[in-house]
Amino acid sequence: MLWDYIRSRRVTIAVWAIVCAVFAAVFALYSLPLKAVLYGAAVSGFFGLTAAAVDFLYYRRKRLRLKKLADEIIYTIDGLPSPLNGVEADYCELVKILYENMRRAEDEMSEKYSDMTEYYTIWAHQIKTPIAAMGLILQEAGQSEELNRELNRELADNLQRIEQYAEMVMCYLRLYSDSTDFVIKEYDLDGIVRQAVRKFSRQFIRKKLSLTYEPLQKTVLTDEKWLLFVIEQVISNAMKYTKTGGAEIYCEEPLTLCIRDTGIGAAPEDLPRLFEKGYTGCNGRLDKKASGIGLYLCKRICAKLGHNISAENAEGGGMIIRINLDTINTELE
């Protein structure tokens, strides 16, 4: 520490030595006694060493204090020594900025980790249901050919549910990543909707629900894969909460995709919070299977694509989900 201090004051020591040398040269040129120079150097050296000793004690105390802070890993900047000059004050400001950036990044990482842990907990409970159902179905298999056909259909439905939950996980992870795989192009809206309809057609038939859909004849600027995920989630919810009747898919001008069902709808107080993460509402709590993640992901995806999604109760019962696809300021790749 002493050697570090001497090195930090080497300019001052060099200036003092040069001044003494200049005085000695001048005295020698004028044939003056060198004892006067030595006397002046000794006096100035004494006062300089005294000031240096005091300064070194303060320097040592500051170094020990900083070392103690570093050893204890105290996440605070309140314990930093006070700056002695402008340079140290600038360094303190830099430390404060770095400290705030570190705390902000730490809070963001903690929030992301908490969100991910919460989601995976919900997902684990969700996926256990179809797996358990498939186990029971396999135990009942083999009793009759008709029963086997019905059990096979149930197995296919549960496999589809597992696939849907796996897609939700991948979607969730990609949404929180630093990069996305969005490919914004002009797509035929009917081509996207038909994929979702075909995926759930067998379940609509098994539940004896109707599905009204006429060609929309619209072109939309979006990402096909992500918009398909949103539509599938909405249709899945419509089928899940509809016991009788069915669903209808149509388009409102200028470019709003509407999916209406004749299900149980939502309580008026739940509507403003339907797209919040983890919020299931009164009907979701009665269903026991709702996670409150599907519509939250739909909201996040639509926001990233420049779309807007909203929900309202339909007249006569049921719910209408509107996806406004009239994008503005979206660049075409």
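Helices (H or I, at least four residues) and strands (E, at least two) are DSSP runs, numbered from the N terminus. This is a predicted model, in which local features need pLDDT of at least 70, side-chain atom pairs count only at pLDDT 80 or more, and totals for chains, interfaces and linings use all residues. Residues are numbered from 1 along each chain as its sequence is written, and side-chain values use heavy atoms, with hydrogens and water left out.

**View 1. The loop residue L255.** L255 sits in the loop between β4 (246-252) and β5 (256-261). L255 is buried, at a relative accessible area of 10%; buried means under 20%, exposed over 50%, and partly exposed in between (1.4 Å probe, protein chains only). Contact means heavy atoms within 4.5 Å. Leaving out residues up to four places away in sequence, L255 touches K218, T219, V220, I323, N324, L325 and D326. L255 and T219 are 36 residues apart in sequence, yet 8.8 Å apart in space, C-alpha to C-alpha.

**View 2. T222 in strand β3.** Strand β3 (residues 219-222) holds T222. T222 is buried, with a relative accessible area of 0%. Its side chain joins that of H307 through a polar contact of 2.9 Å. A polar contact is a pair of N or O atoms within 3.5 Å; within protein, one must be able to donate a hydrogen and the other to accept it, and residues adjacent in sequence count only if both atoms are side-chain atoms. Beyond four places in sequence, the contacts of T222 include V183, Y187, L227 and L305.

**View 3. The largest nonpolar core.** A nonpolar core is a set of buried Ala, Val, Leu, Ile, Met, Phe, Trp, Tyr and Cys residues joined through side-chain atoms within 4.5 Å. The largest one here has 53 residues, and those with the most contacts inside it are V193, I231, L257, I309 and I323. Helix α7 (residues 224-240) gives the largest share of this core, 9 residues. I231 touches I192, V193, A196, L257, I259 and I323, not counting residues up to four places away in sequence.

**View 4. V26 in helix α2.** Helix α2 (residues 10-29) contains V26. V26 is partly exposed, with a relative accessible area of 38%.

**View 5. The whole chain.** The chain has 9 helices and 7 strands. Of its 333 residues, 35% count as buried. Among contacts with a separation of 6 or more, 68% come from residues 24 or more positions apart.
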